[in-house]
Amino acid sequence: MAQSDIQGKIDPLFQPTPRFDLLQAPLLGRLLRWRWARLVVQLLTLLVAALVLYDGFTGPQVAPNNLATVTVWVHYRGFVVFALLLAGNLFCMSCPFTLPRTLARRFGRGARRWPRRLRNKWTAIAVLLLFLWLYEWLDLWASPWLTAWIVVAYFVASFVLEAMFAESPFCKYVCPLGTFNFAGSTISPLQITVRDADVCRTCEGKECINGSAEVSGCGTELFPPQMTSNMDCVLCLDCARACPYDNVALAARSPLREVSDPAAWPRRWDLNLLIVIFAFVALSNAFGMVAPVYELERQMMGLLGTQNEGVILALLFGLLNLLLPISLTLGAAWLSRRLASRKEALRISLARYAPAFAPLAFAIWLAHYGGFHFLTSALTIVPVLQSFLLDHRITVLGQPDWTMGPIIPAGWLDPLELLVVLAGFAASLYVVAQRARRAEQSPDPPLAQLPWLLLLLLLALAAMAVLLMPMEMRGTIQAG
Amino acid sequence: MIKTNAILKSIVLFALLLLAACGSRVSQQESDADIRVDLAPESTVVGPTTLNITVTDGGGAPIDDATLNVKGDMSHAGMTPVLAEGIDGGQQGLYTAPFEWTMAGDWIVTVDVSLPDGRSTSQRFELAVSGDGAMDDMHEQ
């Protein structure tokens, strides 16, 4: 039995008894623990994935009129951020890409372990950045056809890796959607834990992780009594179904508890930089939609003498998503360490405050995906579905009503986005203060927190400035 | 391995349903090659504008009795389209449609033309709309 890499060292088997356990709630709890619950939800999302593939490949190649692009780039992203905010990693729970896993394991060898040197978040960070670079370069949001191909790629990659390796390496070490969801779920209000740690101490089978005759154990090899984080948890609830003592809980928690707890995460470079990059990528992803980025691209093209947008975007990505976050946070860590007069590795100084980026990062994603894209476009799925059905001679929903779209008045959007970012910023400040107070040996003085506060302030101001700019939608016509 | 069998059966059933669905799509609207449509927006800057649409037959003769539907979509999924209402015309094949570019960025304007004799065509035009007054490109598809 292997303990999760993310959970780090083997902690004593102690967790406080959860105050509220969703798995014990009437009806819903029983439904969630039902053996086929995940399969049913996955089949529903598989149906959605199939529609995405079908309409993406055969439907109108105008993004706002196609189920593939509307479902993926509006509703999937909106669903993900609101689910993370209100519950947890519900997309990974219902992920259709892992459905073929059972088949893959049946046909493949599956017993090989994922290479030790790749058992970290570096690959996940690289794939996330690669995916976002492709998103910008190929204008994925504007192409139903490419969107469908992305879905095919997910199915293939998931199947191949599951067939070759044990430990769900696709989910844990590769999938960019999973990486996004893992990072976001660190501030979700639900977490897997156990009701009574003593039961786990005396449990011999450890079915939650090893599986039973009927139910698989945890795909990402997390051991519930030692879980201190949502990182790597796909919320499949197989642990709860496999536990012969009904001892696994899906407990409510303060959304800031995990990131405020210095012992919740191992102090690893990859994990902590993932959260920092998650924050800066949130900003650059929104920046990719406003006018100054196009001007910047034009200037860079002139300066470098190239018209290759892929190269220009790669340089911009390297600057905004790697160079800037890494240099700024290392600088803040170094300064903070000096101001606190600590003698420790820079990695330790970074890990003390890097989790504080999670609330602000999530707030920027929420404002962008949940606010701008979803709230202003949620109802566009209705005319697109009407149009899709008419294409198939199904008239039950009538003619498309193309006036449907936003679910909030347009004037609410800017204040709402600002409010969300400010709330995220305030939550990040709270986390900084908590982590300073609970620092090893002695609390960090306020001065040692200052570099981090300034960095968070800079990020929040930049996010507010970008979100207040008029968004532009470009993608079909090459600049020239 | 009850679960494996259940998944296998579900996926096979699902694939069959999908295959059945795939065969029944109505083909995209066919365009009559003898009808030509040209689009000239008065402005490609965010804000109200007028779209000047010219409809002619294969020989270049103006068509004045066509019914036009004009819809503007942005390149990004989820953006509410703009529908042109109160289209005037046609005089010497020229129709004018009040329109509004609601956002800067790439637009796809679809002009559906129906003639009383049953002929019809649909043309798509791609335009880049700016927010600062600079004129951008237009491409016909």
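This is a predicted model: local features need pLDDT of at least 70, side-chain atom pairs count only at pLDDT 80 or more; totals for chains, interfaces and linings use all residues.
A crossing is left-handed if the near helix is turned anticlockwise from the far one by less than a right angle.

**View 1. Helices H3 and H19 of chain A pack against each other.** H3(A) covers residues 67-86 and H19(A) residues 381-391. Their axes lie 10 Å apart, at an angle of about 160°. Since angles over 145 degrees count as roughly antiparallel, the two helices are therefore roughly antiparallel to each other. H3(A) passes H19(A) in a left-handed crossing. On the H3(A) side, look for A:Leu67, A:Val70, A:Thr71 and A:His75, which meet A:Ile381, A:Val384, A:Leu385 and A:Phe388 of H19(A).

**View 2. A:Glu344 sits in a loop of chain A, between helices H16 (309-339) and H17 (346-353).** Is this residue buried or exposed? A:Glu344 has a relative accessible area of 17% and is therefore buried, the cut-off being under 20%. Its side chain joins that of A:Ser349 through a polar contact of 2.7 Å, and a polar contact of 2.7 Å also links the side chains of A:Glu344 and A:Arg352. Leaving aside neighbours within four places in sequence, the contacts of A:Glu344 also include A:Arg337 and A:Glu440.

**View 3. The largest nonpolar core holds 151 residues.** The members that touch the most others are A:Phe357, B:Leu51, B:Ile53, B:Val111 and B:Val113. Helix H14 (residues 269-287) of chain A gives the largest share of this core, 14 residues. Apart from this core lies another, of 22 residues, including A:Leu22, A:Ala87, A:Ile209 and A:Met227. Beyond its neighbours within four places in sequence, B:Val113 is in contact with residues including B:Ile35, B:Val37, B:Val55 and B:Leu68.

Methods: Residues are numbered from 1 along each chain as its sequence is written. Chains are lettered from A and ligands numbered from 1 in the order in which they are written. Side-chain values use heavy atoms; hydrogens and water are left out. A nonpolar core is a set of buried Ala, Val, Leu, Ile, Met, Phe, Trp, Tyr and Cys residues joined through side-chain atoms within 4.5 Å. Buried means under 20% relative accessible area, exposed over 50%, partly exposed in between (1.4 Å probe, protein chains only). Helices (H or I, at least four residues) and strands (E, at least two) are DSSP runs, numbered from the N terminus. Contact means heavy atoms within 4.5 Å. A polar contact is a pair of N or O atoms within 3.5 Å; within protein, one must be able to donate a hydrogen and the other to accept it, and residues adjacent in sequence count only if both atoms are side-chain atoms. Axes are lines fitted to C-alpha atoms, for helices over the stretch in contact, and angles run from 0 to 180 degrees between N-to-C directions. Angles under 35 degrees count as roughly parallel, over 145 as roughly antiparallel, 65 to 115 as roughly perpendicular and the rest as oblique.
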